[in-house]
2 protein chains.
Amino acid sequence: MNALRSLFNSVGEPPRYPIEALAAAVREGNFRAIGRAISLVENRAPQHQDFVRLLYVPARQARVVGVTGPPGAGKSTLVAGLAGRLRESGAKVGILAIDPTSSFTGGALLGDRVRMHQLYTDPGVFIRSMATRGAMGGLAPATQDAVDILNAARFDWIIVETVGVGQDEVDVVRSVDTVVLVTLPGLGDDIQAIKAGIMEIADIFVINKADREGVDRTVRDLQMMLGMTEWAGWTPPILKTVASRGEGLEGLVKEADSHRRWLESGNELVQRRRDQLRLRVENILKEKVLNTARRDDGLDSELDRALREGTDPYGIAERLFSGVVAVSTGMPIPQGRSS
Amino acid sequence: MNALRSLFNSVGEPPRYPIEALAAAVREGNFRAIGRAISLVENRAPQHQDFVRLLYVPARQARVVGVTGPPGAGKSTLVAGLAGRLRESGAKVGILAIDPTSSFTGGALLGDRVRMHQLYTDPGVFIRSMATRGAMGGLAPATQDAVDILNAARFDWIIVETVGVGQDEVDVVRSVDTVVLVTLPGLGDDIQAIKAGIMEIADIFVINKADREGVDRTVRDLQMMLGMTEWAGWTPPILKTVASRGEGLEGLVKEADSHRRWLESGNELVQRRRDQLRLRVENILKEKVLNTARRDDGLDSELDRALREGTDPYGIAERLFSGVVAVSTGMPIPQGRSS
C-alpha cells in the first residue's frame, strides 16, 4: 500500500464499509452483500479500489456475455429467456442491465413482467441495473468492477445488457467475452447506426421477433455486411429468435458455447483478456488523473485563474498535470495554483 | 516552456511543421493552411498543443452552432441552407462535419450534391470533415482545437454537424454556444433515444422535412417533453423547416440570434464558456495521462508483467500512475516497470 492509494481513497465523502467482511459475504454469494458491493463500485466510493483488489481473480471463471442492440429489439426478453435456459442446467446467472430502456429497469410489458418476476424470485439469478450516468462518467469501470464482484460470488454466467451506444457503453461491450448483437426484422436505417460502432465487435447476431415480416431481408442484409469483412477464425453466425415464445434460445446457448470453445482453442481468449485489461487500466488512469486534479478544488481554482488571465486550455492542463505530480510526490504545489 | 511540454511533444512520430508560419497563414484565412492546421490537431501530432496555444484567443469571437440529430434528419441540407443564408449577409462560415453519415462527407443525394458544390466553391465557406475515431479517441479535443483554428482565421460562424451519439460526440456538442437539435416528423421510438442524451442540452429544436405527414404530432410530442422540464431563462423554441426548399431557415437564423443575445444578456455565456473550458481541460488531462503511460511501451510492458503475476487492474493503474509521476519529475522509474 503506497501513498497514492491513500490519496485516492481520500477523494469524496468516505462512507466507511468493513470491506473485508463485505468481500467475505460476496464470496459466499449473499445477494444483499453483492448488491451493496455493486453500489460501492457504482458510486466510485473511496474504498471501491481496495474492495475490488480484495476480490479480484486474475483468471475469470465466469462466462461473460454482452447482449446489445437498439431499444425495442427485445434484449431484456432475450436475456430473461437465456437466463431461464441456463438455469435449467443449474447454472447461477448474474444479470447487469446497463440499458436505460431495459425491461429489467422499467419498460416491461405485461408478459415481460411475469417473466421478470420469475427471475427476480429465483435464488440462482441475481439482477441489477447499473446507472448510465456516473458523476465521473465511470460507467465502464463500474460495470467491469461489478463483473468482478459477480465472478467472485461464483456466478457461472454473467449477462450484461446494454444499448451499446456511446463510448462508455462500447467500452462495456468490449469488456465481455462474447458479444451478442440483437436486432429485429425491418431495421432499415438502424443498421447504419449499428454499423458505426458495435457491428465489428459482435460475435453472434440475433434477429429477434423473427416471426415478423421482413426477417429474410434482414438476414440477407446482415449476411451481406458480414460478407464484406474478413473474419479471422470465427465468423459470427446469424440466428433467428422469438424470445417472447422461447424460440431459438437453445441455438443461442449452443452458439455461445461454440464461441467459448473457439476462444479457448487458440490464443484468442488470452488476447481478448489482454485488450480488455488494457482498456480497463486506461479508464482507471483517466479516473485517477481527474480525481487528483479535482482534489481540494484544484481544477476549479485553476479554471478561475485561467479565465482571469486568459490562459489557453493546454496551458491550464499543463499546470494541473504538474499539480497532480506534485500531489502524488508530496512536492510543494506549484506557485499560484490555489491563488 | 517546462519539461512536461517537451515530454508530450516527444510522443509519436514528429512530422515537423513550422508552426509559427502555419499560424500566421491561418490568421490570414488561407484555406490550405487551415486545412493543414486541422490535420495537425486531428492527428494529435506532437506539435498540436504548441500550435493551438499560439492561435488561442480567450474571448472567442466566432459564433459556434452545433447541429445534431439522428441520421436521415437532413442535418447536412439544413447546415448547407443555413450557411447559404448567413453568406447573404457576407458572413464567413466554417463547417466541421463530425457525422460519419453526413452529406458533406459522403451520403449526399443528387440535389444535395449541387447545394454542397455551391458551398465548396464559395471562398467565404470552409468545409472540413473530422474523423470520428482518433487513435486516441480524441475526437472532442480535436474538434475543439479545430474551432479555435477557425476562430483564429476570423470565421464569423462555425457550424459543427454531428450525430450527437456517444460520449465523445456529446462532448463535442457541449463545446458549442448554441445547440440545434434536428429531428423529423414521425420519429416515434427515436425520441426515446434523443431523450437519453442530447435533449437536455438543446437550445433550439428543428423539425426538418416538415412537409411530411405527422409533423403536428411531432410538435406536440416535443412540446410535451419540453413542458416536463423547468427552463431557466431560455425555453427552446420548436421550429419547422423544409431545408431542401430553403423553408424556415430565416426563422432558424432569427432564433440563433435570439439565443445569442440571451447568452450575452446575463451570466449565461460566461458560465457556459467556463463549463466548456472545464470539460476541455479534463479531456486534455486524460490524453496527457494516457500518452505518458504509453510512452516507451510502459503500458504494454506493465500489462505483460501484470498478466504474468496476476495483478489486478487497480494495481496496474497505480504502478503506471507512479510511472507517470516519475517520468514527469525525472525521478527513477519504479523498480520492475520495464522488467
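Biologist: What makes Phe31(A), Phe126(A) and Phe155(A) a cluster?

Modeller: Ring pairs link Phe31(A), Phe126(A) and Phe155(A). Rings of Phe, Tyr and Trp (its six-membered ring) pair if their centres lie within 6.5 Å. By this rule there are eight aromatic pairs over all chains. This is a predicted model: local features need pLDDT of at least 70, side-chain atom pairs need 80 or more, and totals for chains, interfaces and linings use all residues. Residues are numbered from 1 along each chain as written, chains are lettered from A and ligands numbered from 1 in the order written, and side-chain values use heavy atoms, without hydrogens and water.

Biologist: Why is the pair of Phe126(A) and Phe155(A) called tilted?

Modeller: A ring pair is described by the distance of the centres and the angle of the planes. Here the centres are 6.4 Å apart, and the planes make 55°. Planes under 30 degrees apart count as stacked, over 60 as edge-to-face, and the rest as tilted. So 55° is tilted.

Biologist: What does the pair of Phe126(A) and Phe155(A) tie together?

Modeller: Phe126(A) is in strand 3 (residues 125-129) of chain A, and Phe155(A) is in the loop between helix 8 (139-152) and strand 4 (157-162), so the pair ties together parts 29 residues apart in sequence. Helices (H or I, at least four residues) and strands (E, at least two) are DSSP runs, numbered from the N terminus. Both Phe126(A) and Phe155(A) are buried.

Biologist: Where does the pair of Phe31(B) and Phe155(B) lie?

Modeller: Phe31(B) is in helix 3 of chain B and Phe155(B) in the loop between helix 8 (139-152) and strand 4 (157-162), so this pair ties together parts 124 residues apart in sequence. The pair is tilted, with 6.2 Å between centres and 35° between planes.

Biologist: Why does Val160(B) count as buried?

Modeller: Its relative accessibility is 2%, so Val160(B) falls under the buried limit. Val160(B) sits in strand 4 of chain B. Beyond four places in sequence, its contacts include Val64(B), Leu96(B), Ile98(B) and Val172(B). Contact means heavy atoms within 4.5 Å.

Biologist: What makes helix 4 (residues 48-55) of chain A mostly covered?

Modeller: Six of its eight residues are buried. Among them are His48(A), Phe51(A) and Leu55(A). Over chain A, buried residues make up 58% of the 339 residues.

Biologist: Why are helix 12 and helix 13 of chain B called roughly perpendicular?

Modeller: They pack at about 90°, with axes 5 Å apart. Axes are lines fitted to C-alpha atoms, for helices over the stretch in contact, and angles run from 0 to 180 degrees between N-to-C directions. Under 35 degrees counts as roughly parallel, over 145 as roughly antiparallel, 65 to 115 as roughly perpendicular, and the rest as oblique. Helix 12 and helix 13 of chain B are therefore roughly perpendicular.

Biologist: How do you know that Glu42(B) makes a polar contact with Arg128(B)?

Modeller: A polar contact is a pair of N or O atoms within 3.5 Å; within protein, one must be able to donate a hydrogen and the other to accept it, and residues adjacent in sequence count only if both atoms are side-chain atoms. The side chains of Glu42(B) and Arg128(B) meet at 2.8 Å. Glu42(B) lies in helix 3 (residues 31-42) of chain B.

Methods. Buried means under 20% relative accessible area, exposed over 50%, partly exposed in between (1.4 Å probe, protein chains only).
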